[in-house]
Amino acid sequence: MLTLKLIISSLFQELFKTARRRLSGPVLFIHQYLDMSNVELEGGNDTHRRRTCKPAMGFSFAAGTIDCPGEFDFLQGTTKGSTLWNIVVDFIRRPSSELKQCHSPKPILLATGEMSLPYKWQPDIVPTQIIKIGNLAVLGLPAEITTMAGRRLRNAVKGVIIL
């Protein structure tokens, strides 16, 4: 936790030093808990509606990142599991067909949203926040999101918040 505080502190110090606009206006916030396993999604290229589903970690999760690759034979962008790892997955907790269908084409390595022994492995209900400081909006999410997801969130927030 201390490391995260140091990272955030240095981030805000850098933002302060390089700022070109002065913040002005009220400080507002929204904090809410959302059931992320059951959100109806709109838009996209599909003609039908989609919903989010229970969490699951895919094979790409185990591949790690470019600067810190994972172990074994996991590769980023994998869209089908290997025979060996599919056997391991079924031994740990076979994902339900509903979970497989919802996460498709991502192959599921760990069906964390369906695992509850000795306790839930991953929450469905998570806290989200938007903090508005004058003409700056900051989103607080309990996840490490991708660059593309970050762009989509930024655009969605810009569409509904007046800065």
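Reader: Which strand holds Leu 28?

Author: Leu 28 belongs to strand 1, which covers residues 27–35. Strands here are DSSP runs of E with at least two residues, and helices are runs of H or I with at least four residues, both numbered from the N terminus. Before we go on, please keep in mind that this is a predicted model, where local features need pLDDT of at least 70, side-chain atom pairs count only at pLDDT 80 or more, and totals for chains, interfaces and linings use all residues. Residue numbers start from 1 along each chain as its sequence is written, and side-chain values use heavy atoms, with hydrogens and water left out.

Reader: How do I read strand pairing, and how many bridges link strand 1 and strand 6?

Author: Two strands pair if DSSP finds at least two bridges between them. Strand 1 and strand 6 are joined by 9 bridges and run antiparallel. Within that pairing, Leu 28 faces Lys 132 of strand 6.

Reader: What else does Leu 28 touch, leaving aside its neighbours within four places in sequence?

Author: A contact means heavy atoms within 4.5 Å. With those sequence neighbours set aside, Leu 28 has contacts with Ile 130, Ile 131 and Lys 132. Leu 28 and Ile 131 are 103 residues apart along the chain, yet their C-alpha atoms are separated by 5.9 Å.

Reader: Is Leu 28 buried, exposed or partly exposed?

Author: Relative accessible area decides: under 20% is buried, over 50% is exposed, and in between is partly exposed (1.4 Å probe, protein chains only). Leu 28 has a value of 44%, so Leu 28 is partly exposed.

Reader: Which way do strand 6 and strand 7 run, and how many bridges join them?

Author: Strand 6 (residues 125–133) and strand 7 (residues 136–140) are antiparallel, with 5 bridges between them. Follow the partners across: Ile 130 is bridged to Leu 139, and Ile 131 stands opposite Val 138. The hairpin that these two strands form has 2 residues between the strands, and Gly 134 there takes a positive phi near 60°.

Reader: How many disulfides does the structure hold?

Author: A disulfide is a pair of cysteine sulfur atoms within 2.5 Å. There is 1 in this model, joining Cys 53 to Cys 102 with an S to S distance of 2.2 Å. Cys 53 lies in the loop between strand 3 (50–51) and strand 4 (57–58), while Cys 102 is in helix 4 (residues 97–103), so the bond ties together parts that are 49 residues apart in sequence.

Reader: Why is the disulfide of Cys 53 and Cys 102 called left-handed?

Author: Look at the torsion about the S-S bond: for Cys 53 and Cys 102 this is about -100°, so the disulfide is left-handed. Cys 102 has a relative accessible area of 30%, so Cys 102 is partly exposed.
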